[in-house]
Amino acid sequence: MSSLLHDTVEIIKSEGFTGPHSLVFLTRYASLAEDGNLLRLIGNTLEDMSTMEESAALAYAYAEYYEASGDSGSEFCFAAADYILSHCSEDDRMLAAAYVKCARAFGREDYLEKASELLADNERTAGNAAFSVIAFLEMFRATMNRKYLDTAKSMADIIEKNFHGIFLPEDSYDLDRPSMNSAIAVMYDELARITQEPKRIKARERQNSFIAKLAEKFPTKVTFGLCALLADEFEPKTVVCRFKGPELPETLLSLISFYSPVTEVIAESAEEDDISVESGAKYYFLKNGILEEIAGL
């Protein structure tokens, strides 16, 4: 396991949380590392935030924790996230992504409608480029509508052409909000995993290398960007996906990426009762666009 990620976690635990973006990173790390103690610490921190900052990144963190904890005691997350989203400024560049993240976590269709309104504002999405791409990818996962993935890819191409993924120093670090550099790392990571396109994978590797160098100097100031490095540091889980029909469903990879950032996918066409069990693998069957775990395996 990377000492960079582990050391960053220990620094945050000893010095205190540096912002909502650090809670997102810690939650993903705790979930992948299966660190129950760290997850409980995050939950206690979120629950104790009686004076909440009206930050979309914090609402995103509540949804991230709710998905990771699987604990009925984390239901406080919904009320907190709902309050934050209703009081956030529409200038908050992570707002659209937070609405979609919370829509998926808490089952709120009205959040998806609000996110659609925000993403329809062309001037706003262009001004928040990488954050908008993340939001469009979240919308793709939530709706399985290909147009959102195509829009995300087009916007990422513009970012790549104009900036090669690296922004100016004043937006290099996560301070009171995630930086554009960190957002670009997360953007490339998600695009690479969903599309498996070589150019996306190459861009991901380059941006992750850049983020790692920043983190070596200031580990707690690029914590949102470090989310993109997690998939390289944990053993992939094996998931076997069965689906009816001869062709691999277009949505399968995005569905898998919803369940885990580090999943090794074995996709096979088969009837539900035609299962050859592979040791250590979880089995899912694709039904009406939803991956359902097959009981008894």
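What we have here is a predicted model, in which local features need pLDDT of at least 70 and side-chain atom pairs count only at pLDDT 80 or more, while totals for chains, interfaces and linings use all residues. Residues are numbered from 1 along each chain as its sequence is written, and side-chain values use heavy atoms, with hydrogens and water left out.

My topic is salt bridges, meaning a side-chain nitrogen of Lys or Arg within 4 Å of a carboxyl oxygen of Asp or Glu; searching the whole structure gives 15 of them.

Let me take E197 and K153, whose closest N and O atoms are 2.8 Å apart. This pair links distant parts of the chain, since E197 lies in the loop between α11 (180-195) and α12 (198-217), whereas K153 is in helix α10 (residues 146-163), 44 residues apart. Helices here are DSSP runs of H or I with at least four residues, numbered from the N terminus. K153 is buried, at a relative accessible area of 15%, while E197 is partly exposed, at 22%. Both residues also belong to a network of salt bridges that includes D157, K199 and R200.

A second pair, E160 and R206, meets at 3.0 Å, N to O, and it too links distant parts of the chain, with E160 in helix α10 and R206 in helix α12, 46 residues apart. Here E160 is partly exposed at 22%, and R206 is partly exposed at 31%.

Methods:
Helix = DSSP H or I, 4+ residues; strand = E, 2+ residues; numbered from the N terminus. Buried < 20%, exposed > 50% of the residue type's maximum accessible area, 1.4 Å probe, protein only.
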